[in-house]
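Please look through the sequence and the structure shown here before reading on. The paragraphs that follow go from rings and charges to the packing of helices.

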Amino acid sequence: MSVDEAILWDRLARSRRAPLEPSWLEESYSSSLSADLRQALCEKLGSLAAHGWPIILRLIQQHGEQRELLLAAGLCHQPEARDWLLHRLNEHSQLGDDHLCVLQALSCWGADVPESVLLRCLQHPGAQHRLTGLQLISFRAHTLTDQQLLALCSNLLDDWRDPIVISTIRVLQRRDGGAISERIAGLCQSNSDVIADAAFRALGCIATPTSQRLLIELSESLDNPSRRELAQRQINQQFRN
């Protein structure tokens, strides 16, 4: 760490007692700083909301679309920043790796991001694009019916990568509809132990008569003793509560 960076870190550490001036953050940022320090400075800029966005835009124009600056544009949560990010995304017809950071910056705007962008994320073969799509779904799930939510998540539940399936289960388990419980119950027989474990836990979290019935059926019908035990454990947990 250079001496100059040590001074910047020290000033950031004292920011609770001595609030940072927006102009200081703008002058302190440089693309030549370490990644962690650039990230810390941009998080502060993002937290400035309407006061931070003009600075973030100037820094993007000066230093280019650095990852931390794009994420700060999302963090400031300003409509103008959202529109700028969408425009940047729509300049290209494909969602390549170079645009993943733009998508991640837009994730907090899930309810306002066009459905076409969401679908392109979910249909992209890349794991990070799909996980970003799930973030977008999380912010707009309250606007969707159970069937709409299941339709969006269907391909993700069939993904061959455990982290994507597990993340999808965690989105679905926030709902208590019977169709969602049925779909999750089907994953309790997955070839992947970690997916099955996440599915059992999700049914336990949902805790409705339907999810309880499904757990009882699984505890009686599964051939795998350890899976039957997982089902019984979730049943016992619910009745204790």
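In this predicted model, the charged end of arginine 11 sits over the ring of tryptophan 24, 5.8 Å from its centre, where sitting over a ring requires NZ of Lys or CZ of Arg within 6 Å of the ring centre and within 35 degrees of the ring normal. Arginine 82 places its charged end over the ring of tryptophan 109 as well, at 5.1 Å from the centre. Local features need pLDDT of at least 70 and side-chain atom pairs pLDDT 80 or more, while totals for chains, interfaces and linings use all residues. Residues are numbered from 1 along each chain as its sequence is written, and side-chain values use heavy atoms, with hydrogens and water left out.

Turning to the helices (DSSP runs of H or I, at least four residues, numbered from the N terminus), α10 (residues 146-157) packs against α11 (residues 162-172) at an angle of about 160°, their axes 9 Å apart; axes are lines fitted to C-alpha atoms over the stretch in contact, and angles run from 0 to 180 degrees between N-to-C directions. The two are therefore roughly antiparallel, a term for angles over 145 degrees. Their contact (heavy atoms within 4.5 Å) involves Leu149, Leu150, Cys153, Leu156 and Leu157 of α10 together with Ile164, Val165, Thr168, Ile169 and Leu172 of α11.

Helix α4 (residues 53-63) and helix α6 (residues 79-90) have axes that come within 10 Å and cross at roughly 30°, which makes α4 roughly parallel to α6, the word for angles under 35 degrees. Here Trp53, Leu57 and Ile60 of α4 meet Glu80, Ala81 and Trp84 of α6.

Terms used: Angles under 35 degrees count as roughly parallel, over 145 as roughly antiparallel, 65 to 115 as roughly perpendicular and the rest as oblique.
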